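Biologist: I would like a close look at a single part of this model. Please take the aromatic pairs and whatever surrounds them.

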Amino acid sequence: TVLIAGGADFIGYHLIFYVVEHKSFEDVVVLSLLATNSKNCIEGVDYYAGDITNYDNVRKLLDQFKLAVVIHAASPSL
């Protein structure tokens, strides 16, 4: 399982698309402030709305999933 932080933005979306298309990981989990923006969501990916600077958001996902990799693609909004 891979956790991609910031996966609902432009770079994250394309990263997820690549990972899913190439079946790089069995499961893909995304933590993003934009997780509810359905136009950037890819079917079969688990999206969780939240801020990566919030310890409880991150800890919850770390406890819930057995992660092999964490990719940080989040960036602050302008």
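Is phenylalanine 17 buried, exposed or partly exposed, and at what relative accessibility?

Modeller: This is a predicted model, so keep that in mind throughout. Phenylalanine 17 counts as partly exposed, at 40% relative accessibility. Buried would need under 20%, and exposed over 50%.

Start with the pairs. The structure holds two aromatic pairs. One joins tyrosine 13 and phenylalanine 17: the ring centres are 6.5 Å apart and the planes stand at 25°, so this pair is stacked. The cut-off for stacking is an angle under 30 degrees. Both residues belong to helix α1, residues 10-21. They are four residues apart, about one turn of the helix. Tyrosine 13 is partly exposed, with a relative accessible area of 24%.

The other pair joins tyrosine 48 and phenylalanine 65. Here the centres are 6.0 Å apart and the planes are at 65°, so the pair is edge-to-face. That label needs an angle over 60 degrees. Tyrosine 48 sits in strand β3 (residues 46-49), while phenylalanine 65 sits in the loop between α2 (55-64) and β4 (69-72). The pair therefore ties together parts that are 17 residues apart in sequence. Tyrosine 48 is partly exposed at 24% relative accessibility. Phenylalanine 65 is buried, with a relative accessible area of 17%.

Isoleucine 42 is in contact with Tyr13, Ile16, Phe17 and Tyr47, leaving aside its neighbours within four places in sequence. In soluble globular proteins, nonpolar side chains tend to be buried together.

Five of the five residues of β2 are buried, so the strand is largely enclosed by the rest of the structure.

Next, the strand neighbours of β2. On one side of the pairing list is β1, which pairs with β2 in the parallel sense over four bridges. Leucine 3 stands opposite valine 29 there. β2 also runs parallel to β3, joined by four bridges. Leucine 31 has tyrosine 48 as its bridge partner in β3. This leads back to the edge-to-face pair, where tyrosine 48 meets phenylalanine 65.

Serine 32 lies in strand β2 and is buried, with a relative accessible area of 5%. Not counting residues up to four places away in sequence, serine 32 touches Gly6, Gly7, Ala8, Tyr48, Ala49 and Gly50.

β1, α1 and β2 make a right-handed β-α-β unit. In the loop between α1 and β2 (28-32) comes lysine 23. Lysine 23 has a positive phi of about 50° although it is not a glycine. At 68% relative accessibility, lysine 23 is exposed.

The chain has two helices and four strands. From the N terminus on, the elements run β-α-β-β-α-β. A compact globule of 78 residues would have a radius of gyration near 12 Å, and the 11 Å of this chain agrees with that. The C-alpha atoms fill a box of roughly 30 × 30 × 15 Å along the principal axes. Buried residues make up 33% of the 78 residues. Among contacts with a separation of 6 or more, 57% join residues 24 or more positions apart.

Key. Residues are numbered from 1 along each chain as its sequence is written. This is a predicted model: local features need pLDDT of at least 70, side-chain atom pairs count only at pLDDT 80 or more; totals for chains, interfaces and linings use all residues. Side-chain values use heavy atoms; hydrogens and water are left out. Buried means under 20% relative accessible area, exposed over 50%, partly exposed in between (1.4 Å probe, protein chains only). Contact means heavy atoms within 4.5 Å. Two strands pair if DSSP finds at least two bridges between them. A crossover is right-handed if, with the strands pointing away from the viewer, the path from the first strand over the helix to the second runs clockwise. The radius of gyration is taken over C-alpha atoms; the globule rule is 2.2 Å times the number of residues to the power 0.38.
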